[in-house]
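Here's a quick briefing to read with the model open beside you. Take it one topic at a time and look up each part as you go.

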Amino acid sequence: MKETQFRVLYKQFLFRMVDLELLSADAKGDMSKLFGQFAALLIFLSIGLCLGAGVAGGGLVAEWSGVHFMIATTMLVVGLFAILSWDSTFPDRRDVMVLAPLPIRSRTVFLAKVAAVATALSLTIATLHGLAGVVWPFSLNHYHRAEPAPAITFDSAIAPVDAAGLQSVMDRDLEQALKTGPLAPGTGGGAAIGVWKHGVQRLFAYGAARPDSIFEIGSVSKTFTAVLLGQLATQGKVTLDEPLRELLPPETVVPPSGVEITLRDLATHQAGLPRMPNNLHPASALNPSAGYTTGDAYAFMKYWGVTKAPVAPFAYSHLGFGLLGDALAYRAGRSFADLVRSEITEPLGMRDTVLQLSAEQRERAIAGYAAPQRIADGIDPDAMSGAMGIRSTAGDLLRYLVANLHPETIVNAGTLQAALTTTHELRTNVMPGWRMGLAWFYDSDTGTWFHGGATAGFTSYAFFQPNNDCAAVILTNGNPDAFAVYNVLAEHVRARLSGEPAISLDAVVVPAGGGGISGFIRQFAAWWITMLLSGAFIYCCVLGLQGLVAQLLPRRYFLRASSFLQLAAFGTFVGVYFLEPKLVAPGEIAVGRSSAYLAWSPSYWFLGLFQQLNGSPALAPLARRAWIAIAIAFGATASAYTLAYFRTMRKIVEEPEIAPASGGRSWVPGFGNGFATAVGQFSVRTLLRSRQHRLLLAFYMGVGFAFAIFSRKTDHVSGDAGQVVSVGLLCSTILIMVLSVLGMRIVFSLPTDMRANWIFRFSPIPGGQGCMIARRRALYALSVVPVCLGTAAVLFSVLAWQVAMKHLVALAVLGSVVAEVCLHGRQKLPFTCSYLPGKSNFNISLLLCSLVFFTGMVNAAELERELFDNASGYAALVALLLAFAICARRSATRFAKSPEGQLQFEEAAEPAVYALDLHRDGVTETGII
Amino acid sequence: MLELRDITKRFVGTLAVDRVSFRARAGEVTGYLGPNGSGKSTTMKMITGLMEPSSGHIFFDGIPIRQDLVAWKRRMGYVPEEPHLYGHLTGLEYLVMVGQLRGLPDKPTADKIDGLLCLFSLHGDRHVPVSSYSKGMRQKVLISAALLHNPELILLDEPFSGLDVGTGLVLRSLIQELAARGKVILFSSHEMETVERVSSRVVILHRGKLVADDSIENLRNLMALPTLEKIFSQLAVEQDTGAMSREIADLIQG
């Protein structure tokens with residue numbers, strides 16, 4: 001008897017897992033079709049995901065990024081599944097009321113529910129990984145080679161080390177790196193370390209480096225440019241608040257009407273300039289700024305302008321410091337190299353700190369490595385010299401750091417003492433705990449002034465700590481992405497000098513795949529366990545959250561909060577998926593901000609778990625977090641179900657599900673005549689109060705916002721971000737507008753309650769024209785207008801108002817073109833007319849069209865950007881769009897006036913009868929009497 | 001006056017309504033009766049204009065209703081049997097929306113809605129979503145919505161469904177009062193006693209055909225039966241109710 005009950009309930013719960021009403025409010029009898037579509041979609045996705053398995057054998061960065069992508073995608077899919085099955089995970093009022101009168105034990109109901117949830121979850125993951133779950137393990141097993149990776153563990157803390165004792169400590173800590181790691185004999189790798197503490201100085205080197213080896217110091221050069229700014233400012237040749245424009249050749253840029261970029265803005269990364277200019281077209285990725293001349297930089301500024309964005313938060317910019325170096329050199333009437341020599345290196349006696357090496361220095365210059373066994377080209381930064389062009393030795397840089405640490409000891413160096421002090425005045429916040437002076441960053445937690453640097457073949461790090469009276473410089477000849485140890489070396493030295501636990505410099509070896517059957521079985525098992533656990537973790541998080549809120553809130557408030565939680569969970573899943581770093585080098589995982597972020601990113605925990613299950617010692621701390629997270633999530637879910645077992649069932653019966661009364665204030669505006677107002681206000685209220693419609697719209701908007709986030713990230717990489725209109729910004733707003741209108745049109749077509757639409761049918765609704773007006777106003781009010789307002793808020797805060805206004809006008813007209821096209825065809829009132837589920841052909845068409853649309857959109861955005869400076873061209877563009885809008889509007893209106901354009905409540909053109917269920921007598925399920 | 005003249009509705013293989021003709025006059029409450037499947041609901045849909053007759057015509061004050069359906073809907077109020085309402089709207093929002101759909105002026109309609117909500121004891125719950133209303137409260141909203149525009153014809157389909165005794169008595173008086181004020185009222189119910197008390201005239205359908213159209217008094221005299229229930233049983237109920245109930249009881253007992 002109990003088994004039969006369990007089986008019946010299990011089947012019912014399983015087929016009701018996905019909220020069919022969410023997908024279609026009228027999906028009677030189409031359950032199998034919808035499930036079929038789900039499965040087809042996931043299998044299609046699985047085939048696509050198989051293609052990624054080609055990264056196997058491409059190195060740890062590619063492999064880890066690939067596996068992480070698969071884990072993150074699994075978590076996203078399961079997260080979305082959790083959202084779709086939001087109301088089916090716990091017994092609800094319907095379950096309780098229907099099952100309570102029947103002779104069924106609560107335990108049976110719960111067990112059937114848990115079994116259905118587990119089955120649905122497993123099926124989702126199994127469908128998604130049906131193919132990928134074989135291809136990926138096979139590829140990894142077959143092609144993965146053994147490779148070192150950071151251990152991400154900490155050496156135990158020892159007492160603060162002094163300068164004299166540091167070398168012996170480092171000898172011990174670097175033991176493995178010197179034997180088998182990047183500093184081992186024959187690798188070419190080397191590191192030079194300079195340390196000064198309480199007046200004692202030591203210089204020592206490892207591997208191929210010598211204490212006097214010359215390295216590229218990369219972005220540590222920026223601190224020299226800042227000192228130059230301090231020098232010229234102290235000498236009265238410039239002021240910090242002087243506009244950049246005044247230090248550029250005449251006619252380079254047009255004087256702006258708004259606030260101008262100043263030298264202080266450039267020296268604190270607050271000018272709103274991109275990381276790199278977008279007219280940089282490097283021939284070699286290893287020497288990106290080679291051949292980029294001062295003329296190119298000026299040409300970029302002519303295009304970009306010198307207006308400072310109204311809101312210009314910290315944005316790290318090589319271009320900004322390159323320009324600052326060029327500008328100071330122009331004002332001083334000398335080359336940047338001359339200026340550095342006369343103002344800094346000569347007074348401080350830094351003979352080996354130069355931009356161009358002499359013949360003797362060239363002999364001492366160590367070769368840089370872009371990857372193991374791959375020597376990098378030397379940097380040749382030209383116009384970017386102020387950002388990254390200097391070469392130096394550990395000894396010279398240590399002298400420079402001591403001067404920064406104790407400017408008062410500088411004698412006979414003119415204004416240098418004051419200039420250094422100027423660079424140490426804190427001027428802005430970078431992030432919580434980080435502030436900055438001119439070029440130098442300041443960690444307020446440890447009291448450390450610091451700056452790092454990296455070029456294609458070198459890594460550098462310089463810091464000084466006034467509170468510890470120490471300074472140190474660490475120079476290595478390897479790219480930090482390729483040599484994990486180099487990225488953590490400086491942090492290790494700092495921790496040793498301060499007596500803190502130091503991140504381990506040991507590397508662990510990720511073993512090779514093996515290639516055999518047993519290796520495949522292990523990879524296969526590790527893959528599936530990881531994916532199932534990562535999916536279960538996300539699902540359990542959702543369950544735990546729901547269960548907790550259900551316990552804390554009275555039932556009626558829980559029901560209201562639940563729908564917003566659902567939307568918030570959707571935003572979180574999509575946001576995290578698109579925002580979190582996807583391409584992470586092993587070294588990045590170990591240190592700095594990446595480390596802090598990744599330590600809290602569940603998808604990276606499961607990457608660690610996958611490593612652990614595969615027998616790799618890498619990422620063990622992340623794997624540990626994964627196990628803890630699983631234990632917590634599973635525990636929370638078990639608690640939630642237990643509490644639901646004992647309390648929620650009773651709460652459902654005892655507490656009313658009456659939604660709390662609204663405030664009674666009617667804030668929804670009128671939409672013109674009575675009918676248009678009725679339709680418009682009904683649409684606004686339905687969208688605000690209907691969970692299924694809100695969520696469906698969120699899916700469409702989510703795609704738009706995801707693209708916006710993605711393009712913003714891409715802009716920063718490509719140097720296309722900032723105050724000038726980037727193509728990414730234009731595309732984002734265009735896409736959000738188009739998806740908003742299309743999404744709203746689709747959401748409109750889903751009825752909120754078909755049986756209640758009799759009131760519209762029964763009302764004296766005006767003809768086609770009147771309906772068209774009402775529909776148009778509702779569509780504009782809920783899609784075009786909000787997007788325009790939101791876009792205006794963003795554009796006016798980041799762009800000059802003229803440019804913002806121009807794009808806004810074009811965007812609004814484009815929105816009306818799309819809206820008018822959407823209004824064409826059969827007339828249906830929003831949220832009231834029937835919708836046949838399974839009409840996914842529209843979505844597929846949309847998907848295919850979007851591929852074409854994306855290409856066209858980028859070209860259109862580029863064209864629009866070019867036309868911002870061309871008044872007649874811009875006017876022609878807007879006129880063209882306007883002509884489209886007018887034509888589309890006339891066409892839609894003409895159709896609305898025609899007999900075919902009359903309002904239709906039913907999807908089918910000629911219904912046998914109106915399935916209104918107005919009267920039960922003789923009416924069957926299909927409405928036939 | 002509402003007049004149905006030889007109304008017929010055919011579906012594939014089924015004759016749902018067969019040449020039905022009757023009149024509902026102003027000042028009268030016309031009871032509209034029939035067992036399940038008699039074509040009552042189909043006729044109601046044809047009167048509301050939601051369904052087109054296969055043949056025949058429906059007139060109101062001598063004008064065919066299908067000549068201008070929009071104008072016709074302005075003159076008619078309708079209380080459906082099932083209280084299907086948009087649950088996410090509050091009672092007040094729903095009635096305001098109905099007023100707007102009917103093109104009624106804002107201020108007088110707002111006052112009228114306020115008055116109706118007070119009289120129906122819904123004022124305190126006017127900002128609560130309809131989904132939280134009881135069946136009786138929903139019925140009150142439906143009645144208010146049907147009467148909001150002061151219609152000339154009122155179609156009532158089981159209007160007492162879910163109402164408490166007090167409100168039911170008020171509604172009964174209200175129907176008679178509206179009829180007395182010259183409205184045409186077509187009133188459908190399965191409660192014979194209520195129909196007998198409220199209606200002056202009844203129309204009875206059976207298997208799609210009209211089997212009675214007269215005042216209750218005349219029918220009583222003509223058929224020599226004491227109550228409307230007996231008349232209805234005679235005309236439209238084919239089963240032997242006693243025998244059927246015995247069979248059911250026997251079946252349950254096994």
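**Helix pairs**

In chain B, helix α3(B) passes helix α4(B) in a right-handed crossing. Keep in mind that what you're looking at is a predicted model. We'll start with this pair, then go on to a pair in chain A, the sheets, the cores and a loop residue.

*The pair in chain B*

- α3 covers residues 91-101 of chain B and α4 covers residues 106-119, and the two pack at an angle of about 140 degrees with their axes 10 Å apart.
- An angle over 145 degrees would count as roughly antiparallel, but this one is about 140 degrees, so α3(B) and α4(B) are oblique to each other.
- On the α3(B) side, the contact is made by Gly91(B), Leu92(B), Leu95(B), Val96(B) and Gly99(B).
- On the α4(B) side, Thr109(B), Ile113(B) and Leu117(B) do the touching.

*The pair in chain A*

- Helix α10 (residues 221-234) and helix α18 (residues 416-423) of chain A have axes that come within 8 Å and cross at roughly 120 degrees.
- The crossing of α10(A) and α18(A) is right-handed.
- From α10(A), the contact uses Ala226(A), Val227(A), Gly230(A), Gln231(A), Ala233(A) and Thr234(A).
- From α18(A), the contact uses Leu416(A), Ala418(A), Ala419(A), Leu420(A), Thr422(A) and Thr423(A).

**The two chains in numbers**

- Chain A has 929 residues, and 48% of them are buried.
- You'll find 33 helices and 16 strands in chain A.
- Take the contacts in chain A between residues at least 6 apart in sequence: 77% of them join residues at least 24 apart.
- Chain B has 254 residues, of which 47% are buried.
- Chain B contains 10 helices and 10 strands.
- For chain B, 69% of the contacts between residues at least 6 apart in sequence join residues at least 24 apart.

**A sheet in chain B**

- Six strands of chain B make an open sheet with mixed pairing, in the order β6-β7-β8-β3-β9-β10.
- β6 (76-79) and β10 (209-215) of chain B stand at the edges with a single partner strand each, so one side of each has no neighbour in the sheet.
- From one strand to the next, the twist averages 15 degrees.
- β6(B) runs parallel to strand β7 (residues 153-157) of chain B, and four bridges join the two.
- Look for Gly77(B): its bridge partner in β7(B) is Ile154(B).
- Helix α1 (residues 40-48) of chain B packs on the sheet, where it touches β3 (29-33), β6, β7, β8 (184-188) and β9 (201-206) of chain B.
- The direction of α1(B) makes about 150 degrees with that of β7(B).
- Helix α9 (residues 228-236) of chain B lies across β3, β9 and β10 of chain B, and runs at about 25 degrees to β9(B).

**A sheet in chain A**

- Eight strands of chain A form an open sheet with antiparallel pairing, in the order β4-β3-β14-β13-β12-β11-β10-β9.
- β4 (200-207) and β9 (428-431) of chain A are the edge strands, and each pairs on one side only.
- Neighbouring strands in this sheet are turned by 20 degrees against each other on average, if you ignore direction.
- β9(A) pairs with strand β10 (residues 434-436) of chain A in the antiparallel sense, over three bridges.
- Asn429(A) has Arg435(A) as its bridge partner in β10(A).

**Nonpolar cores**

- In soluble globular proteins, nonpolar side chains tend to be buried together.
- The largest nonpolar core here has 179 residues, and Ala191(A), Leu229(A), Leu401(A), Ala471(A), Ala472(A) and Ile474(A) have the most contacts inside it.
- Leaving out residues up to four places away in sequence, Ile474(A) touches Ala191(A), Ile193(A), Tyr461(A), Leu489(A), Ala490(A) and Val493(A).
- Apart from that core lies another, of 133 residues, including Leu697(A), Met51(B), Leu153(B) and Leu171(B).

- Thr239(A) sits in the loop between α10 and α11 (263-267) of chain A.
- Is Thr239(A) buried or partly exposed? Thr239(A) has 13 other C-beta atoms within 10 Å, so Thr239(A) is partly exposed.
- Thr239(A) and Arg264(A) are 25 residues apart in sequence, and their C-alpha atoms are 8.6 Å apart in space.

Terms used: Residues numbered from 1 in each chain as written. Chains lettered and ligands numbered in written order. Predicted model: local features only at pLDDT ≥ 70, side-chain atom pairs only at ≥ 80, totals over all residues. Core = buried A, V, L, I, M, F, W, Y, C linked by C-beta atoms within 7 Å. Buried ≥ 20, exposed ≤ 12 C-beta atoms within 10 Å, placed from the backbone. Contact = placed C-beta atoms within 7 Å. Pairing = 2+ DSSP bridges. Axes fitted to C-alpha atoms, helices over the stretch in contact; angles between N-to-C directions. Left-handed = near helix turned anticlockwise from the far one by under 90°. Parallel < 35°, antiparallel > 145°, perpendicular 65-115°, else oblique.
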